[in-house]
Amino acid sequence: MPLRSAGWFHSKDYYGFSRRAWLRSEGFQHEIFDGRPVIGICNSWSELNNCNLHLRELAGAVKRGVLQAGGLPLEFPTISLGEMFLKPTSMLFRNLMAMDVEEMITANPLDGVVLLGGCDKTIPAQLLGAISAGIPAITLPGGPMLAGLWRNRRLGGGTDGRKLFDQYRKGEIGEETWCEIEGSIARSAGHCTVMGTASTMALMAEALGMTLPGSAAIPAPDSRRAMIAEQTGRRIVDMVRENLTPDRVLTRPAFENAVRVFQALGGSTNAIVHLLALARRARVELNLDDFDHFSRSTPWLANIKPSGEFLMEDFFAAGGLPVLMRDLLPLLRPQAFTVTGQTVEANIASAECWDRNVLKPLAEPLNAEGGTLVLRGNLAPRGAVLKQTAASPELLRHRGRAFVFENYDDLRAKLEDPALPVDASTVLVLRNAGPKGGPGMPEWGQIPLPKVLLDRGVTDVVRISDARMSGTSFGTVVLHVCPESAIGGPLAAVRTGDEISLDAPKRSLRLEIPDDETARRLAAFAPPPAHYTRGYGRLFLDHVLQVDEGCDFDFLIPD
Ligand code: FES
């Protein structure tokens with residue numbers, strides 16, 4: 001099969017000449033036009049994204065591999081989405097990055113592409129773009145950062161940071177110590193080292209079959225990451241020769257495997273949004289009910305924070321995802337095809353576990369059910385999610401009166417109020433935090449406990465919103481309420497003092513007022529003013545789909 005890049009470089013006309021000449025200006029000999037595959041290294045390196053800071057060096061290892069296999073590597077940048085800095089939320093820009101990746105792949109003389117990313121949104125954005133571009137593609141995750149180390153205590157990114165912050169708010173930790181923790185909690189490049197969104201999405205890419213086996217969990221500074229980068233560079237050249245395009249990997253069995261693995265990991269709820277979007281791009285049927293269906297029959301096995309005790313370094317040392325998938329094999333679709341050219345079953349055949357405290361066997365799970373369940377009811381007709389492994393068991397069945405925050409500014413204004421009328425039975429509600437209302441569905445869903453509750457020693461209450469939640473967070477937190485309040489979903493009808501009932505075992509979330517009263521309130525609903533009237537923000541508001549459809553843009557979904 002002729003190479004795609006030949007259309008740029010092999011023509012005898014003036015444009016063929018000038019394209020060859022301009023590429024040779026980078027210092028190449030004419031031999032590079034001998035029919036070798038041109039491999040793009042799509043790199044989200046940025047100093048505005050510490051999680052991706054090491055990706056230039058890693059690209060060097062990929063290049064070695066591409067050259068060894070007889071390809072021509074050409075590295076190119078895209079926008080990068082750093083979770084810590086982007087306002088109002090990196091999720092606002094996932095689709096923008098996906099469009100950047102897709103257009104740069106399709107517009108350039110590339111035969112295959114290595115997707116180099118880390119942090120929460122870069123891997124899903126790159127996969128979305130690569131699916132739509134349709135040429136052979138393989139993901140190389142950047143890997144988790146080293147575990148935080150404060151004095152003799154190992155700390156896991158957002159999870160321990162949030163716990164320590166509550167101690168700081170209560171005055172149990174002083175300013176000097178707090179500054180010391182600030183310098184100790186994030187010790188290297190790489191993404192957060194708990195089972196947050198970045199770890200989960202790297203592992204989803206591996207579970208989908210889009211990485212080499214074992215790629216996701218190797219720590220960012222570990223020399224073995226450079227080794228697998230080199231192997232990835234070699235493999236993409238062969239993938240071009242085999243015309244191994246993403247549609248051959250991203251099938252319904254691959255997504256079923258990813259959803260099973262997601263549940264067994266106790267992974268970040270954000271993965272649901274991204275997997276739904278990826279499936280639609282790949283023309284694979286997948287919906288919220290699949291997540292609930294598989295949660296009931298997939299045990300939780302990975303003992304990693306925030307749901308468990310350990311960190312990603314421990315997950316890697318215990319054997320990583322190949323072990324977890326081998327343990328799960330009776331529940332997986334073993335014949336799913338992967339970028340190795342082999343099946344999942346063949347890829348993980350030799351996996352061995354080195355620490356059963358970290359990766360539990362199927363017969364002794366941490367919980368009989370998987371991490372995240374799907375709720376429905378009159379408050380969430382199109383669904384909502386709850387990460388049960390990070391919740392307080394005694395709150396999974398709860399009925400209480402709502403206290404409503406109208407939006408995030410209202411929440412921030414009231415959080416420290418010593419007279420806030422809430423108690424341990426209150427259900428905290430935050431609205432106007434969804435895809436259009438946030439905008440971009442920010443990670444505001446783990447509504448911080450009001451100070452008045454912290455002072456009384458309360459450690460968790462039921463919280464409900466149309467927001468997302470950081471994968472590093474924990475608590476009895478109902479998220480992704482759909483449809484969102486800003487377009488008149490039932491969440492817009494809730495008033496402070498209304499009773500809300502949550503019954504997680506029955507998958508139910510209800511506003512306990514008469515239906516006609518809800519309808520009366522919603523008839524008087526007026527949407528909040530739009531956040532943007534121009535630019536990318538306007539494009540986002542005009543075209544973003546609801547969370548049960550993955551928050552992709554309507555015009556990016558294939559026919
Ligand atoms: Fe990048 Fe957590 S901030 S993964």
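1. Let's start with Cys42: this residue is buried, at a relative accessible area of 0% (buried means under 20% relative accessible area, exposed over 50%, partly exposed in between, with a 1.4 Å probe and protein chains only). Its sulfur lies 15 Å from the closest cysteine sulfur, that of Cys119, which is too far for a bond.

2. Cys179 is in no disulfide either, as 19 Å separates its sulfur from the nearest cysteine sulfur, in Cys192. This residue counts as partly exposed, at 47% relative accessibility. The structure as a whole holds zero disulfides (a disulfide is a pair of cysteine sulfur atoms within 2.5 Å).

3. A word on the basis: this is a predicted model, where local features need pLDDT of at least 70 and side-chain atom pairs count only at pLDDT 80 or more, while totals for chains, interfaces and linings use all residues. Residues are numbered from 1 along each chain as its sequence is written, and side-chain values use heavy atoms, leaving out hydrogens and water.

4. On to the nonpolar cores (sets of buried Ala, Val, Leu, Ile, Met, Phe, Trp, Tyr and Cys residues joined through side-chain atoms within 4.5 Å). The largest one has 121 residues, and Phe255, Leu275, Phe315 and Leu324 have the most contacts inside it. Beyond its neighbours within four places in sequence, Phe315 is in contact (heavy atoms within 4.5 Å) with residues including Leu203, Ala217, Ile304 and Val358. A second, separate core of 25 residues includes Leu373, Leu386, Ala391 and Val494.

5. Finally, Tyr15 is exposed, with a relative accessible area of 54%. The C-alpha atoms of Tyr15 and Val38 are 18 Å apart, with the two residues 23 places apart along the chain.
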